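Walk through this model with the structure open beside you.

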Amino acid sequence: MKGKSGIKILLALIVIAVALVFSVNPIKDKTNLGLDLQGGAQVVLEAVPDGDEEITSEDMSKLVEVMRNRVDEFGVAEPVIQVQGNNRLIIELAGVEDPDAAIDLLGKTARLEFVDLNGQVVVTGAELKNAQAQIDNTQPENRRNQISLEFTTEGAKKFGDATARLVGQTISISLDGEIIQTASVSEAIMNGQASISGGFATFQDAANLAALLRGGSLPVNIEILSKSTVGPSLGQDSLSKSIRALIIGLGVLFIFMIAYYRLPGVIADISLVLHALILIWLMILVNVTLTLPGIAGFVLSMGMAVDSNIIIYERIKEELKAGKSLRGSIEAGFKRALTTILDSNITTLIAAIVLFIFGTGSIQGFAVTLSLGIISSLFTAIVFTRMMLRSSADLVSNTKLYGA
Amino acid sequence: MIGFTKKRKIWYIISAVIIVLGLISMAVRGFNLGIDFTGGSIIQVRFAQAVEVNEIREIVEQQVAQSPSIQSTDDNSFNIRTSEMTETGNQSIIQALEAEFGEVEIIKSDLIGPVVGRELLRNAQLALGIALILMLVYISIRFKLNYALSAVLALCHDVLVLLSVFSFFQFEVGGTFIAAVLTVVGYSINNTIVVFDRVRENMKKAKAKEDFSDVIDASISQTLARSINTVLAVLFVLFALFLFGGETTKVFALALIVGNFAGFYSSLLLAGSMLLDITNFRNKSKKARPAVS
């Protein structure tokens with residue numbers, strides 16, 4: 001019996017240590033960090049109907065498509081574009097370099113129109129095949145940023161007809177209702193090409209507008225309901241600070257457990273490490289985004305995992321005091337503690353689930369982390385701690401070490 | 001054995017005082033509501049050069065005709081808070097600041113429209129109500145109605161204490177505070193349940209003549225070590241988060257710490273006492289009803 005138990009304990013320790021070492025890198029890579037830990041932008045938009053018309057699901061899918069095109073330009077690893085209800089859109093760009101500029105671009109309608117003298121629309125941005133930002137070098141002393149436009153065959157035809165009609169007059173380009181350029185038409189332009197020149201302070205400005213034109217203009221008007229941006233420095237800072245806090249807090253906790261509960265305390269600490277590992281992997285499996293409240297949820301679940309251990313150990317102490325044998329105390333203590341642990345964990349689970357249903361964004365991350373943590377802590381308490389206690393009882397039978 | 005329930009008048013008075021003070025504070029001072037509820041915008045910026053708060057204020061007033069509330073924190077960063085804002089307004093402020101002071105680093109920027117705040121509050125109230133009801137049901141099933149009522153009342157006490165403290169000290173209340181309240185609800189019920197679990201067990205073994213209040217006191221004493229240790233365990237980590245975690249988790253950690261203390265106090269001193277009083281009250285009213293012949 002002694003030998004078997006010794007092997008069990010050794011095996012368990014080795015498995016945990018190995019898992020720990022091999023998990024460090026995958027955890028770093030696969031953990032999905034939220035905005036508050038990585039920096040980035042989040043915006044909630046509402047589509048506003050024109051007059052009496054309602055927003056249709058078609059409108060929303062077109063909106064999502066345009067947004068997706070725009071978001072692609074930012075090169076964000078995993079952008080989130082989610083429809084909420086029937087007229088809202090949530091866009092999350094974690095890790096984007098300049099979050100405020102990103103939201104600025106997303107919000108622009110970007111409706112391009114070519115109009116004649118009478119304000120009649122001749123051709124629109126919807127009929128563009130391509131738009132590229134360029135530097136106009138024709139006048140070396142006066143290099144300007146510009147966008148070269150290329151129309152589709154349909155658009156080219158419309159443009160050609162219009163310019164033919166308007167020779168000697170002017171044609172204007174308007175963006176979102178504002179005229180940005182007026183040019184005189186010297187001849188009909190049949191090749192479907194045009195350019196917007198000047199008016200761009202930097203090349204980036206031109207490139208941004210070109211990107212918007214390529215992606216398409218927004219099919220509906222939108223209103224920004226809420227927006228949140230976190231600069232990358234704050235994100236990094238928050239992450240490193242919370243990890244540091246966690247290590248300090250857990251360190252104190254570990255020492256306390258060993259000091260107060262001695263041998264079972266050591267077991268509790270090991271089971272805590274296992275619990276943390278299982279929880280992190282569960283989170284990666286479910287693809288939960290780790291946010292600051294999520295870290296708090298992680299912390300709380302550690303507290304609950306410790307609680308389960310404490311309930312068990314106090315019971316064992318009582319049984320020992322009542323005179324039972326070490327083995328007997330462990331079995332009895334465990335049995336009795338189980339109902340208590342289940343009842344208290346389930347009530348917390350209820351609250352976590354309610355939070356998940358009614359919460360938004362980062363709070364949902366917290367609720368999921370807490371829920372997964374409860375499941376993980378139930379497992380480590382019921383399966384792991386029991387096994388470790390039984391095995392250690394075989395090896396070390398000095399009841400003083402168990403808190404008698 | 002400590003007479004926890006014997007002294008229950010004292011506990012009731014202490015709690016009543018805290019809650020009444022809290023209610024007065026809520027009525028008079030209200031809460032320090034963050035933009036999650038009031039709507040508005042907060043821009044946190046850092047400048048390359050030294051800048052005075054008044055200079056920032058002037059520029060903001062020029063751009064959006066509003067007097068902002070500006071907080072300067074160490075390391076030359078400023079929190080600029082305005083109410084009623086559009087994104088264009090925000091952008092114009094930032095551009096004006098850039099024009100005046102050169103490079104501006106935007107550390108964080110939040111814009112909340114008025115609709116969001118209302119929804120947040122409504123969702124929070126719904127969530128709280130539903131969580132409390134579900135717990136009432138679960139505890140009634142596992143224990144008895146009296147236990148459930150006492151436990152949920154103790155929870156309400158904890159929430160009220162949390163609200164009172166935040167109103168009294170005017171700590172900022174935002175979306176994360178709501179999450180903290182719901183967490184406290186889910187978490188501090190644990191302590192109460194562990195005590196009640198012991199009461200349930202002792203009642204099964206108790207002799208008919210034993211006083212209910214003695215059984216409850218004994219149960220609390222027996223679970224005291226566990227209660228203290230568990231609260232300590234969680235407080236270690238929460239305090240670490242509060243002291244060493246970044247600015248953004250401070251309020252959250254603080255709310256959880258206050259909630260934990262309140263929960264510890266209520267599960268030890270209030271829950272048992274209320275269980276006693278509620279049971280006696282309901283027994284008396286049962287006896288008072290004349291038997292139907």
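Buried means under 20% relative accessible area, exposed means over 50%, and partly exposed lies in between, using a 1.4 Å probe and protein chains only. By that rule F196(B) is buried, at 1% relative accessibility.

Some ground rules come next. This is a predicted model, in which local features need pLDDT of at least 70 and side-chain atom pairs count only at pLDDT 80 or more, while totals for chains, interfaces and linings use all residues. Residues are numbered from 1 along each chain as its sequence is written, chains are lettered from A and ligands numbered from 1 in the order in which they are written, and side-chain values use heavy atoms, with hydrogens and water left out.

Return to F196(B). Its ring pairs with that of Y147(B), edge-to-face, at 5.3 Å centre to centre and 85 degrees between the planes. Rings of Phe, Tyr and Trp (its six-membered ring) pair if their centres lie within 6.5 Å; planes under 30 degrees apart are stacked, over 60 edge-to-face, and the rest tilted. Y147(B) belongs to helix 6 (residues 145-168) of chain B and F196(B) to helix 7 of chain B, so the pair links parts 49 residues apart. Helices (H or I, at least four residues) and strands (E, at least two) are DSSP runs, numbered from the N terminus. Y147(B) is buried too, at 6%.

Over all chains, the whole structure holds 16 aromatic pairs. Another edge-to-face case is F47(B) with F101(B): centres 5.2 Å apart, planes at 65 degrees. F47(B) sits in strand 2 (residues 40-47) of chain B and F101(B) in helix 4 (residues 87-101) of chain B, so this pair ties together parts 54 residues apart in sequence. F47(B) is buried at 5% relative accessible area. F101(B) is buried, also with 5%. One aromatic cluster takes in both chains: F256(A), Y260(A), Y261(A), Y313(A) and F236(B).

Rings also meet charges. The charged end of R29(B) sits over the ring of F168(B), 5.3 Å from its centre. That of K250(B) sits over the ring of F242(B), at 5.9 Å from the centre. The test is NZ of Lys or CZ of Arg within 6 Å of the ring centre and within 35 degrees of the ring normal.

Now the helix packing. Two packed helices are described by the angle between their axes and the distance between the axes. Helix 5 (residues 114-142) of chain B and helix 7 (residues 175-205) of chain B pack at about 10 degrees, with axes 11 Å apart. Axes are lines fitted to C-alpha atoms, for helices over the stretch in contact, and angles run from 0 to 180 degrees between N-to-C directions. Helix 5 of chain B and helix 7 of chain B are therefore roughly parallel (under 35 degrees; over 145 is roughly antiparallel, 65 to 115 roughly perpendicular, the rest oblique). Contact means heavy atoms within 4.5 Å. Among the residues making this contact are L128(B) and L132(B) of helix 5 of chain B, and V181(B) and V185(B) of helix 7 of chain B.

Finally, N345(A) lies in helix 9 (residues 326-358) of chain A. N345(A) is buried, at 1%. Beyond residues up to four places away in sequence, N345(A) touches M304(A), S308(A), I374(A), S377(A), L378(A) and N190(B).
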